[in-house]
Amino acid sequence: MIINTGQRTDIPAFYAKWFANRLREGIVCVRNPFDPGQVSRYRLDPSVVDVIGFCTKNPAPMFPYMDLLRDYGQYWYVSITPYGRDIEPNVPDKHRLLEDFRKLSDMVGTHSIGWRYDPILLSDRYTMEYQIHAFDQIASALDGYTQTVVISFIDLYPKVRRNFPEAREVTKAQRLALGKEIIQIASAHGMTVKPCAEGDELAAFGADCGGCMRISDYEKAIGRHLHVPKKRGARAECACYLACDIGAYNTCRHLCKYCYANAEPDRVLAHSRLHDPDSPFLIGNYMDGDRIHDVPQKSWIDDQIRLELG
């Protein structure tokens with residue numbers, strides 16, 4: 001099976017010690033965000049967890065614990081964007097992130113790491129020319145360290161509108177113009193562009209519009225076939241295979257203004273103070289009345305010999 005860590009928060013950046021403790025203990029508990037009394041309990045054991053997926057803006061806090069991941073398949077997405085602290089208040093220096101990306105790539109291999117340059121937004125400061133120049137600089141720095149870059153354009157969800165009222169939609173004409181330039185730059189650096197939930201409008205320019213985290217991506221990362229149960233993406237327009245996320249909303253202290261997973265900053269900080277690195281839960285602990293569901297788990301690795309045709 002696949003465990004994901006990054007749809008709701010940034011575990012490597014802020015909760016690496018907790019996750020290391022979960023790997024050592026071999027168990028993790030997750031509250032249903034829509035029914036907090038319902039708890040899913042997962043085993044963290046490489047005999048049943050084939051891949052752990054990460055999505056982070058700062059992988060470095062996890063580096064001291066990489067030995068704990070040695071027996072697991074891994075796929076990492078590391079976000080490196082061109083924004084300053086006006087948009088991403090608590091994201092580390094981007095030059096350091098480039099160094100950490102290259103270090104992580106050396107650890108896990110280029111098939112097991114992708115770069116996320118998203119969301120793309122436009123403003124008086126972050127113009128189209130700025131975005132193209134920044135993308136070119138970052139792509140140059142990551143040349144040879146990944147084969148994949150994911151892009152998306154800002155989505156104005158209600159939470160985003162509340163926390164980022166000055167944000168504006170990127171028009172179709174702007175998406176096409178930016179996408180074409182970005183795809184050309186990425187190709188020059190050995191990278192395929194995968195738009196995230198953006199339809200297929202960039203396919204004509206050479207983008208891979210089939211989804212940014214498909215089973216085939218996990219398979220390529222671990223070098224094994226996976227026989228998986230059917231599951232849809234997080235959104236109707238999402239073609240990715242997203243399963244078993246162990247994070248919690250309103251806990252990411254990067255406090256990026258475009259974030260869909262956080263409410264108001266004060267709520268995030270208050271929620272984060274309830275974190276205990278020794279608890280099986282990311283936030284809080286067991287409570288009276290909890291309904292514990294031990295999730296049935298098994299390996300999805302398919303070792304059947306296959307003939308590769310074509």
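Biologist: In this predicted model, what makes helix H4 and helix H6 roughly parallel to each other?

Modeller: Helix H4 (residues 128–141) and helix H6 (residues 172–188) pack at an angle of about 20°. Angles under 35 degrees count as roughly parallel, so H4 and H6 are called roughly parallel. Their axes are 10 Å apart, and the crossing is right-handed.

Biologist: Which residues in H4 meet which residues in H6?

Modeller: From H4 come Met128, Gln131, Ile132, Phe135, Asp136 and Ala139. From H6 come Gln174, Ala177, Leu178, Glu181, Ile182, Ile185 and Ala186. By class, this contact of H4 with H6 has nine nonpolar, two polar and two charged residues.

Biologist: Why is strand S5 called largely enclosed by the rest of the structure?

Modeller: Buried means under 20% relative accessible area. Seven of the seven residues of S5 (residues 73–79) are buried, so the strand is largely enclosed.

Biologist: How do you know that both faces of S5 are covered?

Modeller: Gly73, Tyr75, Tyr77 and Ser79 lie on one side, and Gln74, Trp76 and Val78 on the other. Each of these residues is buried.

Biologist: What makes S4 and S5 a pair of strands?

Modeller: Two strands pair if there are at least two bridges between them. Six bridges join strand S4 (residues 51–56) to S5, and the two run parallel. Ile52 stands opposite Gln74 in S5.

Biologist: How many bridges are there between S5 and S6?

Modeller: Four bridges, and the pairing of S5 with strand S6 (residues 113–120) is in the parallel sense. Here Val78 stands opposite Trp115 in S6.

Biologist: What is the peptide bond from Asp118 to Pro119 called, cis or trans?

Modeller: The bond is cis, with omega near 0°. Most peptide bonds are trans. Pro119 lies in strand S6.

Biologist: Why is Ala197 counted as partly exposed?

Modeller: Buried ends at under 20% and exposed begins at over 50%, with partly exposed in between. Ala197 has 23% relative accessibility, so it falls into the class partly exposed. Ala197 is found in the loop between strand S8 (192–195) and helix H7 (215–222).

Biologist: What is the phi of Ala197?

Modeller: Phi of Ala197 is near 55°, a positive value in a residue other than glycine. Most residues other than glycine have a negative phi.

Biologist: Where does Leu255 lie?

Modeller: Leu255 is in the loop between strand S9 (225–226) and helix H8 (265–272). Leu255 is not a glycine, yet its phi is positive, about 55°.

Note on methods. Residues numbered from 1 in each chain as written. Predicted model: local features only at pLDDT ≥ 70, side-chain atom pairs only at ≥ 80, totals over all residues. Heavy atoms only, no water. Buried < 20%, exposed > 50% of the residue type's maximum accessible area, 1.4 Å probe, protein only. Axes fitted to C-alpha atoms, helices over the stretch in contact; angles between N-to-C directions. Parallel < 35°, antiparallel > 145°, perpendicular 65-115°, else oblique. Left-handed = near helix turned anticlockwise from the far one by under 90°. Contact = heavy atoms within 4.5 Å. Nonpolar A, V, L, I, M, F, W, Y, C, P; charged D, E, K, R; others polar.
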